[in-house]
Amino acid sequence: MSKDYREMWSGLDMNIEAHDGLLGVLTDAYKNIYLSQKNRPEGMKYFDFVISEVHGLRIEEIVEAKKQGRKIIGTFCVYVPEELILAVDGVCIGLCAGADVGSDEAEKYIPRNTCALIKAFMGFKLAGLCPYIQTTDLIVGETTCDGKKKAYELFDEMTNGKMYVMEIPNKKGEDGKSLWKNEVKRFAEKLESLSGKRITLEKLKEASKVVNDKRKALQRLSLLRANDPSPISGLDALLINQVAFYDDPLRFTAKLNELCDELDQRVKSGAGAASKGSPRILVSGSPMAIPNWKLHAITEGSGATIVGEESCVGERNFRSLLDDDFSSLDNAMQKIADRYMTINCACFTPNNERLSDIEDLAGRLKADGIIHYAIQFCTPYMMEAYKVKKVADDIKVPFLRIETDYSMEDMGQLKTRVEAFLEMIGKGVRV
Ligand code: BJ8
């Protein structure tokens with residue numbers, strides 16, 4: 001970190017000693033997993049810097065924004081419309097956590113067999129380790145999986161009433177869509193009353209451009225990964241997708257486009273993260289919040305390249321743009337509601353669109369294998385793995401199903417399974 005931020009963290013009521021310990025562990029993990037990679041693009045230096053300052057400079061910026069009267073809105077789901085937050089000049093921050101921290105504390109409130117993502121966001125709060133949660137004015141939850149829904153009730157207590165929950169339907173029929181449009185409007189009103197600012201058509205158009213530009217840059221990165229060799233490792237691409245939830249959106253988009261310019265050149269010269277012809281893997285399933293790099297580290301450490309993530313920290317976040325040609329505010333709310341309904345989360349039933357997405361993506365990225373990743377106890381994605389396997393069988397792409405948590409205990413076992421899978425792909429054996 002560029003300077004000592006302890007005073008700022010104390011002001012945010014964090015546990016400084018435990019936080020120092022966490023930063024030490026994360027710095028070592030980052031060195032081992034990220035900085036040891038070979039042939040990284042120069043443009044990754046920016047993202048390395050962002051990570052080195054993820055609890056430092058970025059928090060300082062957010063604290064400053066707060067002093068200027070901007071509202072800080074924390075979210076846990078890509079269903080929460082970022083455009084609305086930006087339209088009231090708010091700062092939108094993803095709060096999902098990807099490290100096994102504070103689980104013991106979390107388990108005093110929630111069952112042991114809760115998914116690691118939920119345990120982690122609670123654990124980070126209870127252990128006083130997340131400066132983002134501490135800066136928020138509002139934390140937006142959603143009625144997606146049962147674990148999250150019930151956890152938000154407890155999180156509301158833990159954060160002294162900061163929670164606001166959007167109702168997301170379970171089905172995408174006409175009733176569900178109309179419920180969702182009302183929820184989008186209700187959220188817009190909530191943001192207006194919180195910030196004291198009106199959402200005008202002009203503001204919404206500006207905000208939509210910012211978010212669409214970010215999505216376009218992420219789409220550009222995704223398309224570049226379709227090359228053989230991919231000009232960037234899956235680990236680096238995953239990191240960029242994770243940083244997309246924290247960084248200032250304008251700066252993020254500019255830096256990502258700069259990186260993509262460099263990747264264009266790498267494609268022309270045939271430079272890649274791994275050698276041409278190495279196995280290309282599509283990962284599909286539960287989201288991987290920062291610093292959950294486990295599966296990518298194992299898979300790429302075994303000689304494959306991860307070329308895409310059918311995940312909310314990945315394609316589901318940026319796949320569709322918002323049609324921002326609004327004719328009125330009501331029309332804008334409709335278009336926002338429609339755009340978010342195109343996200344194909346396993347919390348919906350049925351969710352066959354996700355299967356088509358996976359088929360399309362596997363084809364476009366020329367995937368040699370699909371690894372289905374579910375966080376242990378994430379029932380929606382664990383259940384859908386069966387149907388995803390059927391798709392993989394239909395398109396004759398080898399399939400591996402993995403369920404794991406954030407601990408490192410099963411690293412050896414996972415590595416053995418992934419290596420065996422890659423070996424089979426290499427031999428052309430169906431699994
Ligand atoms: S749109 S995937 S971001 S809900 S891993 S907490 S599902 S038990 S995160 Fe998600 Fe929105 Fe859907 Fe995407 Fe529950 Fe599963 Fe845990 Fe999960």
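Helices α12 and α14 run roughly antiparallel to each other (angles under 35 degrees count as roughly parallel, over 145 as roughly antiparallel, 65 to 115 as roughly perpendicular and the rest as oblique). Helices (H or I, at least four residues) and strands (E, at least two) are DSSP runs numbered from the N terminus.

The model is predicted, so local features need pLDDT of at least 70 and side-chain atom pairs count only at pLDDT 80 or more, while totals for chains, interfaces and linings use all residues. Residues are numbered from 1 along each chain as its sequence is written, and side-chain values use heavy atoms, leaving out hydrogens and water.

**Exercise 1. Find the geometry behind the α12 and α14 pairing, then list its contact residues.**

Step 1: Take α12 as residues 234–243 and α14 as residues 294–301; their axes come within 9 Å and cross at roughly 160°. Axes are lines fitted to C-alpha atoms, for helices over the stretch in contact, and angles run from 0 to 180 degrees between N-to-C directions.

Step 2: Check the hand: α12 passes α14 in a right-handed crossing. A crossing is left-handed if the near helix is turned anticlockwise from the far one by less than a right angle, and right-handed if clockwise.

Step 3: Gather the contact (heavy atoms within 4.5 Å). Gly 234, Leu 235 and Leu 238 of α12 meet His 296, Ala 297 and Glu 300 of α14.

Step 4: Sort by class, which gives three nonpolar, two polar and one charged residues. Here Ala, Val, Leu, Ile, Met, Phe, Trp, Tyr, Cys and Pro count as nonpolar, Asp, Glu, Lys and Arg as charged, and the others, Gly among them, as polar.

**Exercise 2. Work out whether α11 is roughly parallel or roughly antiparallel to α16, and classify their contact.**

Step 1: Helix α11 (residues 201–224) and helix α16 (residues 329–340) pack at about 20°, with axes 11 Å apart.

Step 2: That angle makes the two helices, α11 and α16, roughly parallel.

Step 3: Their crossing is left-handed.

Step 4: On the α11 side, the contact uses Leu 201, Leu 204 and Arg 215; α16 brings Leu 329, Ala 332, Met 333, Ile 336, Arg 339 and Tyr 340.

Step 5: The tally for α11 with α16 is seven nonpolar, no polar and two charged residues.

**Exercise 3. Characterise the packing of α17 against α18.**

Step 1: The axes of α17 and α18 come within 10 Å and cross at roughly 50°.

Step 2: This makes α17 oblique to α18.

Step 3: The crossing of α17 past α18 is right-handed.

Step 4: Asn 352, Arg 354, Leu 355, Ile 358 and Glu 359 of α17 touch Tyr 381, Glu 384, Lys 387, Val 388 and Val 391 of α18.

Step 5: Five of these residues are nonpolar, one is polar and four are charged.

**Exercise 4. Describe the largest pocket and say which helix gives the most to its lining.**

Step 1: On a 1 Å grid over the protein atoms alone, a cavity is a set of points where a 1.4 Å probe fits but cannot get out, and a pocket is an open set with protein on both sides within 12 Å along at least five of seven lines; lining residues have an atom within 4 Å of a point.

Step 2: The largest pocket has a volume of about 920 Å³ (the space filled by probe spheres set on the points, with grid points joined across faces, edges and corners).

Step 3: Its lining has 49 residues, with Cys 145, Cys 347, Cys 378, Pro 380 and Tyr 381 nearest the centre.

Step 4: α7 (116–126), α9 (146–158), α17 (352–364) and α18 (379–394) each supply at least two residues of this lining, and α18 gives the most, six.

Step 5: By class, the lining of the largest pocket has 31 nonpolar, 13 polar and five charged residues.

**Exercise 5. How many cavities of 30 Å³ or more does a search of the whole structure find, and what does α11 give to the lining of each?**

Step 1: The search finds two.

Step 2: The largest cavity has a volume of about 210 Å³. Of its 17 lining residues, Val 78, Glu 82, Lys 214, Phe 245 and Asn 317 are the closest to the centre.

Step 3: In the largest cavity, α11 gives the most to the lining, with four residues.

Step 4: The second largest cavity holds about 40 Å³ of space. Leu 218, Leu 221, Ser 222 and Arg 225 are among its lining residues.

Step 5: α11 again gives the most to the lining of the second largest cavity, with three residues.
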